[in-house]
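Please look through the sequence and the structure shown here before reading on. The paragraphs after them are meant to be followed with both in view.

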Amino acid sequence: MLLAQIEAFVEAAERGSVSRAAEALFVTQPALSARLKGLESSLGVELLVRTRRGVRLSEAGKAFLPFAHRALESVADGRQLVAELSRGSEGRLAIGAAPAVSTSVLPGMLARFRAAKPNAQLIVRTGHSEEILEMVLREHVELGLVRELRHPEIVETPLYEDELVLVFEPRHAFAARRKIKVAEVASEHLILFDRTSSYHELTSSLFRREGVVPRGVMELDTIDAAKKMVEQGLGVALLPHTAVASELVSGRLASAKLADAAAIRRRIVAVRRRDAGPPSGLVSAFLAIPAEPDRT
């Protein structure tokens with residue numbers, strides 16, 4: 001049973017004429033008659049009774065007509081949804097994000113995306129970059145927002161570059177200086193977050209390269225917990241700038257550069273499966289959203 005056959009039946013039933021139905025569908029009368037015969041053959045019943053004045057519905061035709069209408073309406077609805085998906089106005093978008101992204105940059109991106117695409121359904125999952133990569137590969141999410149990774153089955157779209165910054169409580173002695181030596185940082189209590197994250201390893205390797213050992217270390221589960229400890233004056237920390245942008249603007253935290261160490265930067269990217277093709281619809285719309293930290 002073809003859609004064209006159902007369209008032919010509905011038109012002929014509503015107009016009571018095969019010739020007028022053919023004109024409405026811009027086909028010849030023989031072509032429309034062939035479609036009707038094909039539909040009746042597939043159903044095994046006569047749907048239209050031919051008369052000298054045209055056609056009228058048989059009992060079977062009367063029973064089938066509401067279903068034919070619903071079939072055409074469903075196809076029309078489907079076409080509209082597909083068109084909306086291609087424009088990126090509706091549909092579902094599943095995103096995975098690493099902790100440093102989900103706590104700082106992602107909320108603002110989602111707010112701007114929701115304002116632009118209010119009918120889109122958003123699903124967000126979090127995990128470390130390697131876990132998000134696996135979600136992308138298994139097609140549990142369409143987009144992964146992670147640190148730069150290398151894998152033959154993914155493509156990357158650069159989002160932003162983050163930098164670890166030394167932060168401390170505004171009344172700390174470091175607040176009066178613009179640059180601090182690594183050895184001086186080591187004399188403080190160092191606050192670390194999430195032992196399994198790449199940022200933990202970056203911080204630890206910095207002190208190993210400089211050959212210094214922090215006087216004391218406090219290890220916490222999350223960036224937010226680390227920030228709270230620093231705000232309370234319990235130590236200093238090297239945290240992603242995007243994660244502390246709001247606190248630096250409000251004055252709840254202060255920062256300084258390291259005088260004798262190169263800046264520690266990490267590139268954040270959006271990853272997709274390579275075989276997904278060029279970004280379109282909601283994926284394309286999301287990638288067009290500026291990736292900026294929350295500074296409020």
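Predicted model: local features only at pLDDT ≥ 70, side-chain atom pairs only at ≥ 80, totals over all residues.

Residues are numbered from 1 along each chain as its sequence is written, and side-chain values use heavy atoms, with hydrogens and water left out.

A search of the whole structure finds 18 salt bridges, a salt bridge being a side-chain nitrogen of Lys or Arg within 4 Å of a carboxyl oxygen of Asp or Glu. One of them joins Glu-134 to Arg-138, with the closest N and O atoms 2.8 Å apart. In the terms used here, a residue is buried under 20% relative accessible area, exposed over 50% and partly exposed in between, with a 1.4 Å probe and protein chains only. Glu-134 is partly exposed at 35%, and Arg-138 is exposed at 55%. Another salt bridge links Arg-171 and Glu-169 at 2.7 Å, N to O; here Arg-171 is exposed, with a relative accessible area of 75%, whereas Glu-169 is buried at 12%.

Arg-252 and Glu-247 also form a salt bridge, their closest N and O atoms lying 3.4 Å apart. Arg-252 is partly exposed at 38%, and Glu-247 is buried at 7%. Through salt bridges that share partners, Asp-224, Lys-227, Glu-231, Glu-247 and Arg-252 are joined into one network.

The next topic is the pockets. On a 1 Å grid over the protein atoms alone, a pocket is an open set of points with protein on both sides within 12 Å along at least five of seven lines, and lining residues have an atom within 4 Å of a point. Grid points are joined across faces, edges and corners, and a volume is the space filled by probe spheres set on the points. The largest pocket has a volume of about 320 Å³, and of the 21 residues that line this pocket, Leu-93, Glu-142, Arg-272, Ala-276 and Val-283 are the closest to its centre. Helices (H or I, at least four residues) and strands (E, at least two) are DSSP runs, numbered from the N terminus. At least two lining residues each come from β3 (91-97), β12 (265-273) and α12 (281-287), and the largest share, 4 residues, belongs to β3.

The second largest pocket has a volume of about 260 Å³. Its lining has 15 residues, of which Glu-163, Leu-164, Ala-256, Lys-257 and Leu-258 lie nearest the centre, and the elements giving two or more residues to this lining are β6 (154-168) and β11 (254-258).

Which residues of helix α6 (residues 106-116) are buried? They are Leu-106, Gly-108, Met-109, Leu-110 and Phe-113. What covers these buried residues includes β3, α5 (99-102), β4 (120-126), β5 (143-147) and α12.

Two loop residues complete the tour. Phe-26, in the loop between α2 (18-24) and α3 (29-43), has a phi near 60°, a positive value in a residue other than glycine, and Phe-26 counts as exposed at 77% relative accessibility. Glu-139 lies in the loop between α7 (129-137) and β5; the phi of Glu-139 is near 65°, again a positive value in a residue other than glycine, and Glu-139 is exposed at 60% relative accessibility.

Definitions and conventions:
1 Å grid on protein atoms, 1.4 Å probe; cavity = no way out; pocket = protein on both sides within 12 Å on 5 of 7 lines; lining within 4 Å. Contact = heavy atoms within 4.5 Å.
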